[in-house]
Amino acid sequence: MIAKQPLHLNPETVALLSEVLDDAWDSLPPLQKATMRKSDLAVPMLKSAAKGERNRERLRNAALMALAA
């Protein structure tokens, strides 16, 4: 079994991710929000951030594209 390494993010990155998550969530229609969890958007964003992504638009796209998959 491979142990997962903890993800360490600086306060600026955490603030960025929080803002981008809120933006992505706000862009969804109400019916979609009612049938999913906000964490469904957060997971792909965090995966991108773990790989070093810090671009606001690419992080948002990672979250929203995961819904289309």
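## Ground rules

Contact, or touching, here means heavy atoms within 4.5 Å. The model is predicted, so to speak of local features takes pLDDT of at least 70 and side-chain atom pairs count only at pLDDT 80 or more, while totals for chains, interfaces and linings use all residues. Numbering starts from 1 along each chain as its sequence is written, and side-chain values use heavy atoms, with hydrogens and water left out.

## Arg60 and its neighbours

Arg60 sits in helix α4, residues 56-68 (helices are DSSP runs of H or I, at least four residues, and strands are runs of E, at least two, numbered from the N terminus). Leaving aside residues up to four places away in sequence, Arg60 touches Val20, Asp23, Ala24 and Ser27.

Is Arg60 buried or exposed? Arg60 is buried, because its relative accessible area is 18% (buried is under 20%, exposed over 50%, partly exposed in between, with a 1.4 Å probe and protein chains only).

## Ser27

Ser27 counts as partly exposed, because its relative accessibility is 36%. Ser27 touches Arg60 and Leu64, again not counting residues up to four places away in sequence. The C-alpha atoms of Ser27 and Lys51 are 24 Å apart, with the two residues 24 places apart along the chain.

## Where α1 meets α3

On the α1 side, the contact uses Leu17, Val20, Leu21, Ala24 and Trp25; α3 brings Leu41, Ala42, Met45, Leu46 and Ala49.
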